[in-house]
Amino acid sequence: MDYVLRTNALCKKYKDFKALNGLSMNVPKGAIYGFVGKNGAGKTTLIRLICGLQEPTSGEYMLYGRKNTDKDILKSRRRMGAVVETPSIYFDMTAEENLKIQYRILGLPSFDGLNDILKLVGLEDTGRKKAKNFSLGMRQRLGIAVALVGDPDFLVLDEPANGLDPQGIIEIRELILKLNREHQITFLISSHILDELSRLATHYGFIDKGQLIKEISAKELEESCRKCVRIEVNNTRALSRVLDRMKVEYNVISDKIADVYEKINVSTLTLALAQEDCEVISMQERDESLESYYVSLVGGRCDE
């Protein structure tokens, strides 16, 4: 398999804090790679390293087969585009003017393809309207347009749907899918909006405390996300005692909710819970979601 990005035991230390602690990950060519973790887990640090904004403390990474220590690493970085934290746009300029600035920064000989990029991100009709008057979704699409200057085939997006309204989220999702499917652009997307990420990603990397704890394809994830019965009670400690006696596999989600992964006799369970002074509030069948899979890996909520 061809990989756009590979990291090996990558570490980044700030004084006594390890933002990355031996991170090893692999982003296949053509993938939409969802990079999942809590705020502070190390996602943005990794992005800053591969974009050349910071240097690793130890370990290494490879972009298109070139190590970060190679003299020619800049040739690989020219194949990248990135929107890190917030879009790098000039608010007092139009969409076209913003793109022209990026053309000049990259030293491109002409503005060939500029209008095609604007059309691709749906900003071809913004005319003289300045970016400060754009919606958040339009600004995010303009940031992606700027990242597309120079015809990269690897885009890195840091929280692309953060703060967007439902329509803006849909527009960003459709743009990412179009760029991936029609223009063969590989994506690394850092996000804590897991429901949205599950609509996009072909591969996932789960990061916690600077370490990659799981790397899995969307197909493998789907196979491992089993059906379950979600039970809401007034006391999951009592529920746990009953399920332990029944020797049933389960996962406690919160102080009131647990997922049970085996068929159980509802009457037997309800009677046993009643003896523990535990009331059943609701029960429903469901498929395990990306969020619950993530919680089972690292615990806690992903947007902490």
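1. A word on terms before we start: contact here means heavy atoms within 4.5 Å, and that is the sense in which I speak of residues covering one another below. Please keep in mind that this is a predicted model.

2. With that in hand, let's look at helix H9, residues 236-246. Its buried residues are Thr236, Ala238, Leu239, Ser240, Val242 and Leu243. They are covered by elements that include strand E11 (227-233), strand E12 (250-252), strand E13 (257-260) and helix H10 (266-275).

3. At its start, asparagine 235 brings a side-chain oxygen to within 3.0 Å of the backbone nitrogen of arginine 237. Just after the helix comes lysine 247, with a positive phi of about 55°. Lysine 247 sits in the loop between H9 and E12, and it counts as exposed because its relative accessible area is 74%, where the cut-off is over 50%.

4. Most residues other than glycine have a negative phi, yet alanine 9 has a positive one of about 50°. Alanine 9 is found in strand E1, residues 3-14. Its relative accessibility of 35% makes it partly exposed.

5. Now to helix H6, residues 166-183. The buried residues of H6 are Gly168, Ile169, Ile172, Arg173, Leu175, Ile176, Leu177, Leu179 and Asn180. Their packing partners are strand E3 (32-36), helix H4 (114-120), helix H5 (136-148), strand E7 (154-158), strand E8 (186-191) and helix H7 (194-197).

6. The search of the whole structure finds one cavity of 30 Å³ or more, and the volume of the largest cavity is about 80 Å³. Which residues line the largest cavity? They are Pro160, Ala161, Ile169, Ile172, Arg173, Ile176, Ile189, Ser191, Ile193, Glu196, Leu197 and Leu200. H6, E8 and H7 each give two or more residues to this lining, and the largest share, four residues, comes from H6. By class, the lining has nine nonpolar, one polar and two charged residues.

7. The largest pocket holds about 750 Å³ of space. Of the 25 residues that line it, Met80, Gly81, Ala82, Gln102 and Leu106 lie nearest its centre. Strand E6 (80-83), helix H3 (95-105) and H5 are the elements that give two or more residues to the lining. That lining divides into 16 nonpolar, seven polar and two charged residues.

8. The second largest pocket holds about 310 Å³. Its lining has 17 residues, and Gly113, Ile117, Leu148, Gly150 and Asp151 are the closest to its centre. The elements giving two or more residues are H4 and H6, with the largest share, three residues, coming from H4. Here the classes are ten nonpolar, four polar and three charged.

9. Two loop residues are worth a stop as well. Leaving out residues up to four places away in sequence, it touches Ala19, Leu20, Asn21, Gly22, Leu23 and Ala41. The C-alpha atoms of glycine 210 and lysine 43 are separated by 8.0 Å, although the two are 167 residues apart along the chain.

10. Lysine 130 lies in the loop between H4 and H5. With a relative accessible area of 35%, lysine 130 is partly exposed. It touches Phe91, Asp92, Met93 and Thr94, again not counting residues up to four places away in sequence. Its C-alpha atom is separated by 5.1 Å from that of methionine 93, which is 37 residues away along the chain.

Notes:
Residues numbered from 1 in each chain as written. Predicted model: local features only at pLDDT ≥ 70, side-chain atom pairs only at ≥ 80, totals over all residues. Heavy atoms only, no water. Buried < 20%, exposed > 50% of the residue type's maximum accessible area, 1.4 Å probe, protein only. Polar contact = N/O pair within 3.5 Å; in protein donor to acceptor, adjacent residues only side chain to side chain. 1 Å grid on protein atoms, 1.4 Å probe; cavity = no way out; pocket = protein on both sides within 12 Å on 5 of 7 lines; lining within 4 Å. Points joined across faces, edges and corners; volume = space filled by probe spheres on them. Nonpolar A, V, L, I, M, F, W, Y, C, P; charged D, E, K, R; others polar.
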